[in-house]
Amino acid sequence: MNRRRPDMVGRDAELATLLKVVTGPPSLAFVAGEAGIGKTRLVHTLIAGLPQSRRWVAVGSCQPGPEPFPYGPVLDCLRRCGPRLIGAELNPVVGAVRPYLPEIAHLLPAAPEPLGEPSAERHRFFRGVRELLCALGTCVLIMENLHWADEGTRHLLRFLLAEPPDGLALVLTYRPEDLTDGGPLGLAATPDGASTVARLSLSPLDRRELHALALDILPGVALAATFVTALHERSGGIPYVAEEILHALESAAPTPAHIDAVDVPAGVLDTTASRLAALSEDAVALVLAAAVTDAPASATLLSQVAGLDSARTRVALVESLRGNMLVPAGTGSYGFRHVLARRAAYQRLTGPESEELHVRAMQALRKEHPLPYAQLAEHARCAGRLVDWVSYGEAAADAAYSAGDTDTATALLRRLLNEPALGPSDVDRIAVKFARAARAGLDQREATALLSKLMADPRLSAEIRGEIRLSLGLLLVREERGLEAGWMEIELAVNELRGRPELAARGMNVLAEPYIGTRPIAENLRWMSRAEQVLADATDPQLRVTLLANAVANRVHIGDHDGWELAKQLPERVVSAAEHRELARAHCNLADACSWTGHYDLARTHLSIGLRLAADCDAGYIMSVGLTTELRLDWYAGTWAHLTGKAAAYLNSYSELLPVTTELELVLAWLSVARGEWETALAHFDNTGVRNPANAITPVALSAHAGMIRMHLSREDTDAAVAEAGTGLELLRAKGVWSWAGELVPAAVTALCQAGLTGQAEDLLAELRAQIDGRDAPGAAAAVNACLGDIAAARSALAEAIDHYASAQRACARLPAPYQVALLAEKEALCRLRLEQPDATDALTELAETFDGLGATRDAARCRHVLRDNGSAAQSRRGRRGYGNELSPRERDVARLLAGNRTNREIAEVLFLSKRTVEQHVASVLRKLRVTSRHDLVEPD
């Protein structure tokens, strides 16, 4: 398969040094680095980047072998210099090289008479080579793999460097670990005849550089930070190894597991085999012991696994280090340069050999305190000792779970459950532990796949099946398009768990959650009652906090005042780690419920507690939910700085968690609407689940409908806004939770009023007021006056509208929701403008600055557009200022839209500017940012 060779990354400084050296002859550059580090890539990039001139460039390469051809790499270069010699006057001594270069013999002087003395013949040959290079003028000779050079070649190079031709630049590459006799030229000291000498040592690439390499090889592929970190760890930062891994990947969203599944590249196998062949028997035994121990190990552990005494171990270890088979890996420990090198060495073992070494490793590790359970489990597995594997694997998983490392716990237990020889009792016990760890972790899809497989496993007992099914359902409801399937599994599990009411109540709690899918609230209420009855009878502290974690949030979501009475039952302190995790979940759940109903300050309070508790116990899934709620609260609070970047980063980290991703998409969509980025907004809205409400988080979908209504109205597409309102209201009425209506209903009323359907708007408002009567729903209550204002304005009762908008602003300020306050203040100012009140233009000017401060580009531009249409200019209250070479606020808006590939026409539409004005802004932006094309722009900070 032909591969496109990726661009070189991470060697800019070395390339600059080489370029300086070779363009200032006579000069010498040593380029050192281990196999695969990129020496060849560097010198070929150098050649491609050399300035166009009459400089002659040639590359020769030393080859491995017991009897290499003398002077081979130098002669390989010189045999290609014929065109350079045409018409040249050559010193007769050049004839001494004629027998070695038949390809250009016709251009060389006649060979001189033999001298009969080998040393004299060699000296004359060396002189001939030097004079030939002098005749070639300015030239660059690159000798690769000098560690394989024969002594004759090294002697010739030393001769040339003692008195180099004036035009000669020599570049020598080599592997330090493969040198057998001192320096790269075979001597401890380097000849110093060259005017310039540079020594470069290539280091492994760092994570940032590897990320750039990966993006070059896999353009358009989503690369998570965890993947890049794993790539760096597995490859050791060696470009060749990383490239081989990347070329072998087929997934559109690769993970660390995909890296581990890549076969060892042939080049790594060959290098490992050749290096092992050069080692003594003891050194090979030590290297294979290191391959078996896997993790970096002490010399003592390696000696026990290899079966060597301390003296032989020391000699073998030094030899292995000098041969670059092993490398230091911390104080007193040793391992392989990268994972693939270890795997290549491990593949040299036969089955019986590896089993014996794994048994020795187990025997050695049993002497350590505390016992390294995870390592012991892996050695037991590889040695085929099932009983030991189960014992150590479970102990390792228990320790990981207790420490909050749920990902490690699930990985260990998953491997055990996939063992066909595992007995029924072991399957029951380990499956329960796996399900518990999976519910607390972030690795959802693999967990649900394994639990689904277990449901069909005949080894799983009927007593445990209901519990496993419950866990499967709990995981499914977190996945995209998994809500309905999750509900079905949970309902089945509740029936199967009739004899275990405490566990069944956990399923009831989820079925009671009102924010999942389209099932009507009446059905949720039925499950709430059943779950709360179990809660009332429960005495176990852990069970109580587990049930409260759902019950409190469920009641607050629907605006039920009893939710706050239940919240008083949450304990302030807990004893066990499990209670700690459930208390963290309770506060994060309550914060989420508060955020949807308009209790923003209370949401912040409980979120702070929940995130602190979740961090203390390293509860990854709970943290993800809490952090997402925090970003949505930041949206409401108008603290939008860096909000887009944070949301995008979380999307990358939590890409498989439905409750998290849809809320993040919602935040990004609302931000895009405020900026006038319609296509981007629509793409994000589509990812909220709004078009598939049965598998959506209901308040997210309702908010998305509200956002799309606002977007259509901003684009003056009233018909689309009214249609969107109808779809959103249909979902709201089907679900029946009007405490979430604080965004959707006022948006719908605005659309209906602008469409001239004021009667329908009045009916909708009456419906809202009736549905939230007696409910604890400050967000929906704040919407009432906003709706009254729109209806009054539509009926031209402008003074009445002004009063309603002012009341609505006060209510939103109490939430607090400053962006909503600003939008309502704009509506009030427009009414004042219609009444020709003199303070209206000042209010709109101030609002334009407010929107600018928030980052609401479209809203600020709309205010300025209204002012221009009314013969007023939106002057800053601080007065105009000169921006010099800095971007003005309007230019920053233009630059951001340009960076998003928006056309001048689209920018003009978003900013309410003429095309001519946009063209002037574009020219100014390009000039100030010193770029020649809009395609070179990145979004300004």
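**View 1. Five strands form an open sheet with parallel pairing, in the order β2-β3-β4-β1-β5.** Here, two strands pair if DSSP finds at least two bridges between them. The edges are β2 (56-61) and β5 (196-201), each of which pairs on one side only. On average, neighbouring strands are turned by 10 degrees against each other, direction ignored. Helix α2 (residues 39-49) packs on this sheet and touches β1, β2, β3 and β4, and its direction makes about 165 degrees with that of β3. Contact means heavy atoms within 4.5 Å, while axes are lines fitted to C-alpha atoms, for helices over the stretch in contact, with angles running from 0 to 180 degrees between N-to-C directions. Helices (H or I, at least four residues) and strands (E, at least two) are DSSP runs, numbered from the N terminus.

A word on the model before we zoom in: it is predicted, so local features need pLDDT of at least 70 and side-chain atom pairs count only at pLDDT 80 or more, whereas totals for chains, interfaces and linings use all residues. Residues are numbered from 1 along each chain as its sequence is written, and side-chain values use heavy atoms, with hydrogens and water left out.

**View 2. Strand β4 (residues 168-174) is mostly covered, with 7 of its 7 residues buried.** Buried means under 20% relative accessible area, exposed over 50% and partly exposed in between (1.4 Å probe, protein chains only). In a regular strand the side chains alternate between the two faces of the sheet. In β4, L168, L170, L172 and Y174 point one way, and A169, V171 and T173 point the other way.

**View 3. Follow the bridges on either side of β4: β1 (residues 27-32) pairs with it in the parallel sense over 6 bridges, and β3 (residues 139-144) runs parallel to it with 5 bridges.** L170 is a handy landmark, as the bridge partner of L28 and the residue that L141 stands opposite. β3, helix α6 (residues 151-162) and β4 make a right-handed β-α-β unit; right-handed means that, with the strands pointing away from the viewer, the path from the first strand over the helix to the second runs clockwise. Moving on to β5, 6 bridges join this strand to β1 in parallel, and S27 has T196 as its bridge partner there.

**View 4. Helix α13 (residues 299-306) has L301, L302, S303, V305 and A306 buried.** What do the buried residues of α13 pack against? Their neighbours are α12 (281-293), β6 (297-298), α14 (310-322), β8 (333-335) and α16 (351-365). Just after α13, look for G307, which takes a positive phi of about 75 degrees.

**View 5. Helices α24 (residues 501-511) and α26 (residues 541-557) pack at an angle of about 20 degrees, with their axes 10 Å apart.** The two helices are therefore roughly parallel to each other, a label for angles under 35 degrees. Their crossing is left-handed, meaning that the near helix is turned anticlockwise from the far one by less than a right angle. On the α24 side, E502, A505, R506 and N509 meet Q542, L543, T546, L547, N550, A551 and N554 of α26.

**View 6. L497 lies in the loop between α23 (483-496) and α24.** Is L497 buried or exposed? At 2% relative accessibility, L497 counts as buried. Not counting residues up to four places away in sequence, L497 touches G466, E467, L470, L503 and A504. L497 and E467 are 30 residues apart in sequence and 7.2 Å apart in space, C-alpha to C-alpha.

Definitions and conventions
Angles under 35 degrees count as roughly parallel, over 145 as roughly antiparallel, 65 to 115 as roughly perpendicular and the rest as oblique.
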